[in-house]
Amino acid sequence: MDRNLERAREDARRFGMAVLPDEYTALCIELMRSLDRLDLDAARLIIIALDQAKPTQFLGPIPHVLRSLCFVYEGRASAAAKLLVESPQVQLLPTTGIPTSRFSAIVNIVGFVLAAAGEGKALQGLAERMSPPSPGYSVVKARQAFVFGQHDPLWTATGQLLAGDDGPRLKSSAMALRADMLHHEGRSADALEAFVDMLDYCAITASVLAVTQLSKSARQALIPASADCSEWEAVARSFNSAELTAAVLQKRLLELPETSPVSPDFQTDLTPAEQSLLFAIDSSKSIAQIAREFGVVSGTLKNRLSALYRKLGVRSRAEAVAHVHRAQQR
C-alpha cells in the first residue's frame, strides 16, 4: 500500500499535479499507515494536511476514527472519546455500502479508544447496539470482558475471532487482549507466548496497532522479554524501511502513554445483565425508574441489586458505583 501511494504521487507530479485527484482519501490511508508504525510526527503533519484538503463523502467515520486513535497515542484519550461520541459522522452500527472488513476495523478502533478513555459505559452501549452477526461484534465483547475482568467470556470471544475469518488485524487484537489478561493474572510465560503469537499477526498486517492496545505494564514487561525474538525483525521488515528497525518500534511502543487504564480483577466475573444493572445505578435515576427500564417491579430489582452487592463485596449502591470507578482508574 505504501509503495502504491508513493508511485501514485510520483505519477501525479509527472503530470504537473500537486495533489492526487482524491487527495483526502490518500491522506487518510497515509494517516493509518503512519499510525500503524507509530510515527506520530508524520501523523500530526498528515492531520494538518487533512484539515486543508477537500473532504469526501465516501469515507464516513474513518477520518474521525483515525484522529481519535492519534489522540490516544498522544495521551489525550478523553479528547479522543469525546470526538467519537460527539461526531455525527461516527456510526456505530453497520450501514449500507460499508464492507464488512472495513467496518470491523472501525469498530475495533472505536472500542479500543473508548476503553483507553475509561468509558466503560459507552463501550457497554456499543456492545448492546450490536448483535453476533455484526462485523466486529466479537472484538467488542472481548474488550468489554477485559474491562470487567471476565476471564472465560474474554477467552471465548477471542477464540471466536481467532477461529473465524475476521482477518489478521482483528486476530492480532484478540491475541493482545489474551496476552494482557494473562499478564494481569501473573501468568508470565503464557502471556509472553501469546504476545509473540500476536507479533506474527503484526508482521502480516505491517502494523503495531495490536501492541499499542496492551496496558503500559504489559508492554513494559513483554516487549523487553521478547526483544530478541525473530518475530520483531519480521514486523520491522514488513514496513520496507531501513530506518524502521525492531529497536525503533520497541522504543516507540515503550514510550507510548497508558492506553489501557483499567487494571481488571479477573476473580470477579459479572454477567452481561449485572454489567447493565451496574451502569444503570451509576446515574441519578431512582430505583423505580431503573426497575421500569428493566421491566421488573422495584422489589425484584432490589433483590438483584443485593445479589450484585454481595458479589462485589459492597453494601450499598454508592459503594458499588465507587468500586467500579476505582477499578477503571487503577
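What is the handedness of the crossing of helix 11 and helix 14? The crossing of these two helices is left-handed, where left-handed means that the near helix is turned anticlockwise from the far one by less than a right angle, and right-handed that it is turned clockwise. The details of this pair are given below, after an account of the chain as a whole.

The structure is a predicted model, in which local features need pLDDT of at least 70 and side-chain atom pairs count only at pLDDT 80 or more, while totals for chains, interfaces and linings use all residues. Residues are numbered from 1 along each chain as its sequence is written, and side-chain values use heavy atoms, with hydrogens and water left out.

The chain contains 19 helices and 0 strands. Helices (H or I, at least four residues) and strands (E, at least two) are DSSP runs, numbered from the N terminus. Of the 330 residues in the chain, 49% are buried. Buried stands for under 20% relative accessible area, exposed for over 50%, and partly exposed for values in between (1.4 Å probe, protein chains only). A contact requires heavy atoms within 4.5 Å. Among contacts between residues at least 6 apart in sequence, 66% join residues at least 24 apart.

Two packed helices are described by the angle between their axes and the distance between the axes. Axes are lines fitted to C-alpha atoms, for helices over the stretch in contact, and angles run from 0 to 180 degrees between N-to-C directions. Helix 11 and helix 14 (residues 230-237) pack with their axes 8 Å apart, at an angle of about 20°. The two helices are therefore roughly parallel to each other. Angles under 35 degrees count as roughly parallel, over 145 as roughly antiparallel, 65 to 115 as roughly perpendicular, and the rest as oblique. On the side of helix 11, the contact is made by Phe195, Val196, Leu199, Asp200, Cys202 and Ala203, and on the side of helix 14 by Glu231, Trp232, Ala234 and Val235.

A second pair consists of helix 7 (residues 120-128) and helix 16 (residues 272-281), whose axes come within 11 Å and cross at roughly 130°. Helix 7 and helix 16 are therefore oblique to each other, and their crossing is left-handed. Gly120, Lys121, Gln124 and Glu128 of helix 7 meet Pro272, Gln275, Ser276 and Phe279 of helix 16.

Most residues other than glycine have a negative phi. Leucine 38, although not a glycine, has a positive phi of about 60°. Leucine 38 is placed in the loop between helix 2 (23-36) and helix 3 (40-52), and is buried, with a relative accessible area of 5%. Alanine 206, also not a glycine, has a positive phi of about 55°. The loop that holds alanine 206 runs between helix 11 (188-205) and helix 12 (209-212). With a relative accessible area of 9%, alanine 206 is buried.

Serine 173, in helix 10 (residues 168-184), is buried at a relative accessible area of 1%. Leaving aside residues up to four places away in sequence, serine 173 touches Asn108, Val139, Arg143, Ala210 and Gln213.

The structure holds 13 salt bridges, each defined as a side-chain nitrogen of Lys or Arg within 4 Å of a carboxyl oxygen of Asp or Glu. One of them joins the side chains of arginine 37 and aspartate 39 (3.8 Å, N to O); arginine 37 is partly exposed, with a relative accessible area of 22%. Another links lysine 251 to glutamate 255 (2.6 Å, N to O). Both residues lie in helix 15 (residues 246-255), 4 residues apart, about one turn of the helix. Glutamate 255 is exposed, with a relative accessible area of 53%.

Arginine 315 forms a salt bridge with glutamate 319, the closest N and O atoms being 3.6 Å apart. Arginine 315 is exposed at 72% relative accessibility, whereas glutamate 319 is partly exposed at 30%. Elsewhere, salt bridges that share partners join Asp41, Arg44, Glu74 and Arg76 into one network. Glutamate 319 belongs to helix 19 (residues 317-329). Between glutamate 319 and tyrosine 309 there are 10 residues of separation in sequence and 8.5 Å in space, C-alpha to C-alpha.
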